[in-house]
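I opened my notebook for a new structure today. Come along while I look things up one at a time.

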Amino acid sequence: IGLFLIGAGTFIAVMGRIARGRRAISWGVPEKLSTNLGFGIVRHPLYASYCYYFIGIPLAMQNYLLIPMIFGVIGYYSITVYEERILEEEFGDVYREYQRNVGMLIPFVGKKRKR
């Protein structure tokens, strides 16, 4: 399971980095919304990959000393919630439609329902 999560995280990260190019919200709100490649799998592919690593590495290494890494998921989840508000304000209905179709950190999970 751990190796699967690491592999999935790496795949999603690579697809997200290719799709993102030079755009990233941490450098300011992007001018254009990316919804392809990694962003078609999850809305936050780089954060999702980190979360998968935080869970996958302790499982793959079978080392109890690495279990605290799992708490990193909480930090990245809180960042995604914050960025979701910014992106929703910036892109409005386009982003809300994207939220309804693509999961936040896990494919198909975390889609927002129509309000």
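How many helices and how many strands are there in the protein chain? I counted five helices and zero strands. I kept in mind that this is a predicted model. Reading along the sequence, I wrote the pattern down as α-α-α-α-α.

**Entry: the whole chain**
I looked up burial next, and 37% of the 115 residues turned out to be buried. For the accessible surface I noted about 7,400 Å², with 64% of that belonging to carbon and sulfur atoms. Then I turned to contacts with a separation of 6 or more: residues 24 or more positions apart account for 64% of them.

**Entry: helix H1**
I picked helix H1, which covers residues 2-20 and has 19 residues. From its first C-alpha to its last, H1 reaches 26 Å, close to the 27 Å expected at 1.5 Å a residue. I listed buried residues in H1, among them Leu5, Ala8, Ile12, Met15 and Ala19. What do the buried residues of H1 pack against? I found helix H2 (38-41) and helix H3 (45-61) there. Just after H1 I stopped at glycine 21, which takes a positive phi of about 60°.

**Entry: glutamate 88**
My last stop was glutamate 88, in helix H4 (residues 72-91). Is glutamate 88 buried or exposed? I call glutamate 88 buried because its relative accessible area is 12%, and the cut-off for buried is under 20%. I also looked for a partner: the side chains of glutamate 88 and arginine 96 are joined by a polar contact of 3.2 Å.

Note on methods. Residues numbered from 1 in each chain as written. Predicted model: local features only at pLDDT ≥ 70, side-chain atom pairs only at ≥ 80, totals over all residues. Heavy atoms only, no water. Helix = DSSP H or I, 4+ residues; strand = E, 2+ residues; numbered from the N terminus. Buried < 20%, exposed > 50% of the residue type's maximum accessible area, 1.4 Å probe, protein only. Contact = heavy atoms within 4.5 Å. Areas by Shrake-Rupley, 256 points an atom, 1.4 Å probe, with all protein chains shown as cover. Polar contact = N/O pair within 3.5 Å; in protein donor to acceptor, adjacent residues only side chain to side chain. Expected span 1.5 Å × (residues − 1).
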